[in-house]
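Please view the sequence and the model together.

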Amino acid sequence: MTHAVLDRIAAAHQRPGPVVMGVVNVTPDSFSDGGRWIETDSAIAHGRELVAEGATIVDVGGESTRPGAERPSEDEELRRVVPVVEALAADGIAVSIDTMRASVAGAALDAGAVIINDVSGGLADPSMPALVAASGAPFVVMHWRGHAHDMQTRAEYDDVVAEVCAEMMARVDVLLAAGAARDQLVLDPGIGFAKTAEHNWQLLADLERVVDLGHPVLLGTSRKGFLGSVGRAEGDERPLDARAVVTAATSARAARAGVWCVRVHDVTATVDAIDVATALGELSS
Ligand code: PMM
């Protein structure tokens, strides 16, 4: 890895296997933890707790991306995230800002965030590529086909892995043309975003093809619907707070594939699973 921020994060991580990104959703309605960290103080405390559990990055978001969600105003999003980013960054924590708005990303960088995590890969806001280029910050290019309110109508693929890879690399080209550097760009196949459960499983099974694209890869499976339902009858899905183990199993899979980072809500279970994969000698580095 050549980007200075990613190198610093790797040095701070001090363990084999992927870096763990803990999630703080400062939202009333996120899919997995909506409403739990909507107060600034509880969000900050939760971010610190995730770091104590083994997270090296804390991802702070103020907009829910759950299927069907409506967007908050820009002012409301700023009000939710900026004080949380500021406090965690002041502690020396590597903070990423989960936003599709360039204005929010810029304000978060000013408040001390070091990574921009845009689930739209710069598609939702035409000003984002210029901000990425100007800031030089690592930028997560997630595979995305449209906003949450109707994204599941776009879950149509002939070959999901090939199409997701091609669509992510098309975004990389746009970002490079806007002046971004290649070593800023992290890829994420966007598990659950315009994907059916079957698409998600195909992407996980073939994750090496995403890693082979040559960029650091971030994977976000945590507590998602396909993990609630795996192995269960309809109507018997695992509740959200009982998905840490199934999530950790996918983190071990991601570690074996050589991903750079896993984004999770339950840090301890994922760290445990990566430790097992490490002890088994399953990690390439
Ligand atoms: N998933 C969610 C939110 N942000 N960011 C990235 N890079 N990758 C993801 O898969 C991703 C994300 C939705 O999860 P949540 O609302 O339950 O935290």
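The sections below treat the basis of the model, the ligand site and a pair of helices.

## Basis of the model

The model is predicted, with local features requiring pLDDT of at least 70 and side-chain atom pairs pLDDT 80 or more, while totals for chains, interfaces and linings use all residues. Residues are numbered from 1 along each chain as its sequence is written, and side-chain values rest on heavy atoms, without hydrogens and water.

## The ligand site

The ligand is surrounded by 17 residues (a heavy atom within 4 Å), and the closest are Ser32, Asp98, Asn117, Asp188 and Lys224. Strands β1 (19–25) and β5 (139–142) each contribute at least two residues to this shell (strands are DSSP E runs of at least two residues, helices H or I runs of at least four, numbered from the N terminus).

A polar side-chain atom of Asp188 lies 2.6 Å from a ligand nitrogen atom. Ligand oxygen atoms lie 3.2 Å from a backbone N or O atom of Gly220 and 3.0 Å from a side-chain N or O atom of His265. Of the 420 Å² of accessible area that the ligand has on its own, the protein covers 97% (Shrake-Rupley method, 1.4 Å probe).

## Helices α6 and α7

The axes of α6 (residues 160–177) and α7 (residues 197–205) come within 9 Å and cross at roughly 75 degrees (axes are lines fitted to C-alpha atoms over the stretch in contact; angles run from 0 to 180 degrees between N-to-C directions). The two helices are therefore roughly perpendicular (65 to 115 degrees).

Val160, Val161 and Val164 of α6 meet His199, Gln202 and Leu203 of α7 (heavy atoms within 4.5 Å).

Technical notes:
Angles under 35 degrees count as roughly parallel, over 145 as roughly antiparallel, 65 to 115 as roughly perpendicular and the rest as oblique. A polar contact is a pair of N or O atoms within 3.5 Å; within protein, one must be able to donate a hydrogen and the other to accept it, and residues adjacent in sequence count only if both atoms are side-chain atoms.
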